[in-house]
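Hi everyone, thanks for coming.

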Amino acid sequence: MGDENAIFKNGGISLNISKDALAVWKNHRQINAKDHEKFGVIIGSCSEIKDEYWVESITTPFPNDRSTRYSFLLRDRNHQKAVDLAFVESGGTSIYLGTWHTHPELIPTPSLIDKMDWLSCIGKNPGRQLFFVIVGTKEIRVFVRTSFGFTKLIMES
Amino acid sequence: MSIQKHFNTFHDAIKLSKQDDAYKTARERDDSITNDVRNAFKDAGYPVIEDFIQGSISTDTAILKKSGDFDIDRAIVIDCDNAPDNCVKPKITLCENVLEKRGFQNAKIKKPCVTADYKSENLHIDFPIYRKNGAEYELAIGKRNADESNRKWEEADPRGLKDWIKDKSSYIGSASDKLSQFNHLVRYLKRWRDEKFSEGVAAKIHSIGITVMAKQCFSPSFDSDGKPDDLIALKTTVSAMLIHGYFTAKANSQYQVSAFLPKKPWRDIFDGSSVNTGTQFRNKLSTLEGKLQDAISETDEIEKCKILREVFGDDFPVPEKSNNSASTRKAIFSSSGAVGTSQGA
């Protein structure tokens, strides 16, 4: 994790994650027994034909957010502000692309609460392709919603 | 993104320089043998008065061979007064009293030099032997059993040739940058040769020939910010090489190639080369010119790189499309998207 860009694919969609974002995730892994969950939003862009997406930046917890070792609540307005700023500065190409959070497990799997939340995120952003990232202590998993439910993207080696 | 970035990556991948670790190991071997040569020549009565590296390493135009082999050209110089009339004698001394004693089974006396191969290390050392009279050098020409008519001390100017290749006095403005671009171009052309010709023909398209032709036809190119544009420079240099007069048309669309050393002994570098070599060289150079023009005309960065990879082989980088968000047309959205609150477990 973190040395170069990573590309995740599923069907006709690819998500390219910058090495800077990977480095942040690597540093926020819940390695120690007392580490709380870390989380934030994903900001990025996509190609005109919407087959390629790029994670350009991510936010990390702000003061008004809350978390425990096994849960988080993202509610600080600074996440929205970061998205709005990127949108304006990019001339309308950088947008909200989804959320990320950590799990204290090697290979993370989404909980029911995670999936319910993701559905709510999709509901708030109709017509947009969103990505949901869970950072485990060993692996990063990226999920998208398909007609079969939430499916993980495969990392290109 | 500029194509120059990819040329720089390609150049870094193929260049061999004095600072490279692989080359340093080769030099240690070379130094050790050269020391033995000094002792053996002293015992034989013609002490070594100087030795130096010649060839592409000394002119900053060396490339890594695809085979991984290294060449070193180590000039050995003895004084004219002590030099035997039979110029093959010191070559035999080098071969028998140094190389064979050190266990080189395949040490060979070739016409212009003695060669030694470190097979296990992919190292190949050539020893041209000169005698020096004042400031003049003469090269020992002749094979092991050459009779008097087939051997001679021949006028040569190894240091003058090196200086000529490295000369930048004729370049107007930022001469060092132009010389550096020239060095890049020679390395590109040598890799192109290794890539596009069979091993047998490539061996006949001598590196010194490519270097001399490129030097005489070099057409530097820099953008308005003073940054090098190797693609344009290579294209215009190759175009000039094609019409400079190196290729003489023969019957049936065949060509003879010739290019003369710009220094003593002023000989034709391609002396004795076949029309097959000349024809292939000319035609492939012409194809190269066309491909470079295609690459210049192509506007898509990835397509440009693909054309150049076809010309130069796999060491020329082709960026991943999805790695390359800067060059892809992006979707523009009407709003940034709603974050709201989010939770997870």
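This is a predicted model: local features need pLDDT of at least 70, side-chain atom pairs count only at pLDDT 80 or more; totals for chains, interfaces and linings use all residues.

Before anything else, one term: two residues are in contact if their C-beta atoms, placed from the backbone, lie within 7 Å. Chain B has 10 helices and 11 strands, and 35% of its 345 residues count as buried.

Let's look at one of those helices, α1(B), residues 3-14. How far apart are its end C-alpha atoms? They are 17 Å apart, which agrees with the 16 Å that 12 residues should span at 1.5 Å a residue. Now for its buried residues: H6(B), F7(B), F10(B), H11(B) and I14(B). Because they cover an arc of only 140° around the axis, they sit on the same side of α1(B). What covers them includes α5 (175-196), α8 (230-243) and α10 (301-312) of chain B. Turn to the face pointing away from that buried side, and you find the exposed residues K5(B) and D12(B).

Next stop, a strand. D51(B) lies in β1, residues 48-54 of chain B. Is D51(B) buried or partly exposed? It has 19 C-beta neighbours inside 10 Å, so it counts as partly exposed; being buried would take 20 or more. Setting aside neighbours within four places in sequence, D51(B) is in contact with T34(B), R74(B), A75(B), I76(B) and V77(B). And one last pair: D51(B) and P128(B) are 77 residues apart along the chain, with their C-alpha atoms separated by 10.0 Å.

Note on methods: Residues are numbered from 1 along each chain as its sequence is written. Chains are lettered from A and ligands numbered from 1 in the order in which they are written. Helices (H or I, at least four residues) and strands (E, at least two) are DSSP runs, numbered from the N terminus. The expected span of a helix is 1.5 Å times one less than its number of residues. A residue is buried if 20 or more other C-beta atoms lie within 10 Å of its own, exposed if 12 or fewer, and partly exposed in between; C-beta atoms are placed from the backbone. The arc is that of the directions from the helix axis to the C-beta atoms.
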